[in-house]
Amino acid sequence: MIADGLTERLAAALDRDDAIALLCAAIGRESITGNEANFVSLLQAEMQSRGVESVQTADFLPARPNIWGERKGAGGGKRLQFIGHTDTVHVDGWREHWAGTEREDPFRAPVIDGQIWGRGSGDLKAGICASLAALSLLDKAGIRLKGDLAFAYVGDEESGQPGTGVSAGVKDYVARIEAGEIARPDFVVYTEPTQLAVYSAQIGFFIADITITGKSAYFGVPELGKDALKASHAVMSALWKHSDEISARAEHPLIGRGFLLITGLTGGGFIAVPEECKLSLIRKLLPGESLDDAATQMEAVIRGAVADPDIKVDISYPAGRDHRVGGSAAEIDPDLPAVSMLCASVAEAMSGRGEIQGAPFWSESPFFVNRLGIPAVFCAPGDIRNCHTFEEHVEIEEYLAGIVAFASFMARYCGVAE
């Protein structure tokens, strides 16, 4: 049985200095996508020193490792998985933006006005560190679990670096679960930044790159050409109408309406009929929407808008994740006992937090929810609104509350051994 006052007991036992030092050290290991190994070496040492057992690493791509391990319980409880991605986005322009200030080095992790700054602080090293510090907190509080705790930290989640960002790390990890090499968890917490809300649903997406090719001609005889820019205008008009139709179909209570957003247009000719134009777009999907159907519908809209058979249209999908064209939407029942338990653990650790919400971004929970059939949520300290920006930072009190909340949830979900 778990005694009353668990949260208070954990909060009193928390080693704040150790927790803050762990996050600062993590930020100090630059791990822009492709360089995950630099952070994994720190994680290996920290996991072993904090009593994570059977710590293993394996390359999902050459010189790009995942790391995982577990803490076996006394028996008779459920298996709880914490997972996060080790890579961060780039720091282009960061030093110039903060030149001459204490924030200038994106990996120095300065503590300023109760906040820890730096690339990766929110997305998502605070979540990774909170999960490991929570294990140490249970040990310090003298709490032994019945169930098992699993920890996995994977690479290649972020996009933006050439040839990367296709979830190669989590694909390798879930394949090991499917093969029976790694034990299957009963519930998963992905430590994406949520400001300690509990995200039980997330959007799906695909990105499409569209090339429209006509024929160039001197401006004085435009009738000899095929105007790709004019065709692109027709395509964009049709796509905006299609987006309105998508939005009108349905509204999800946690993540709103689907839509299609044109994000880029390039093309034109030099005193000539434009021969080629390129469009880029992103499509937001709701849980239950098929990526295949959504892509097929969009392609029909595009091709239907180009009346001239001599104008060619090519469509590609550069951001396949758990699906060939993109990432699936996912949701679980927000009334599941595990979800309610996590919400309560967070709310007790920090007043006003622990609300059920939906993710307005995509991350890798569909690999568990849709592929493995394992319920998963996002929950961690950090504010997604400042991630990927020059303002990336984490509130220290929120981070520390996340550690207490995770430790409390571990105890409640896995059960405490007498």
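I began with the strands, and found three of them forming an open sheet in the order 4-5-19 with antiparallel pairing; two strands count as paired if DSSP finds at least two bridges between them. Strand 4 (111-112) and strand 19 (393-395) are at the edges with a single partner strand each, so one side of each has no neighbour in the sheet.

Before going on I noted that this is a predicted model, in which local features need pLDDT of at least 70 and side-chain atom pairs count only at pLDDT 80 or more, while totals for chains, interfaces and linings use all residues. Residues are numbered from 1 along each chain as its sequence is written, and side-chain values use heavy atoms, with hydrogens and water left out. Helices (H or I, at least four residues) and strands (E, at least two) are DSSP runs, numbered from the N terminus.

I then looked up how strand 5 (residues 115-117) is joined to strand 19, and found three bridges between these antiparallel strands, with Ile 116 opposite Val 394 of strand 19. Helix 2 (residues 16-28) packs on the sheet and touches strand 4 and strand 5, its direction making about 20° with that of strand 5; contact here means heavy atoms within 4.5 Å. Helix 5 also packs on the sheet, where it touches strand 5 and strand 19, and its direction makes about 45° with that of strand 19.

Next I checked the two helices against each other: the axes of helix 2 and helix 5 come within 9 Å and cross at roughly 135°. Axes are lines fitted to C-alpha atoms, for helices over the stretch in contact, and angles run from 0 to 180 degrees between N-to-C directions. Helix 2 and helix 5 are therefore oblique to each other, a word for angles that are not under 35 degrees (roughly parallel), over 145 (roughly antiparallel) or 65 to 115 (roughly perpendicular). On the helix 2 side the residues that meet helix 5 are Leu 22, Leu 23, Ala 26 and Ile 27, and among their partners in helix 5 are Lys 125 and Cys 129.

I also looked for disulfides (pairs of cysteine sulfur atoms within 2.5 Å) and found zero. The sulfur of Cys 24 lies 9.1 Å from that of Cys 129, its closest cysteine sulfur, which is too far for a bond.

Last, I turned to helix 5 (residues 121-140) and helix 11 (residues 396-414), which pack at an angle of about 55° with their axes 8 Å apart.
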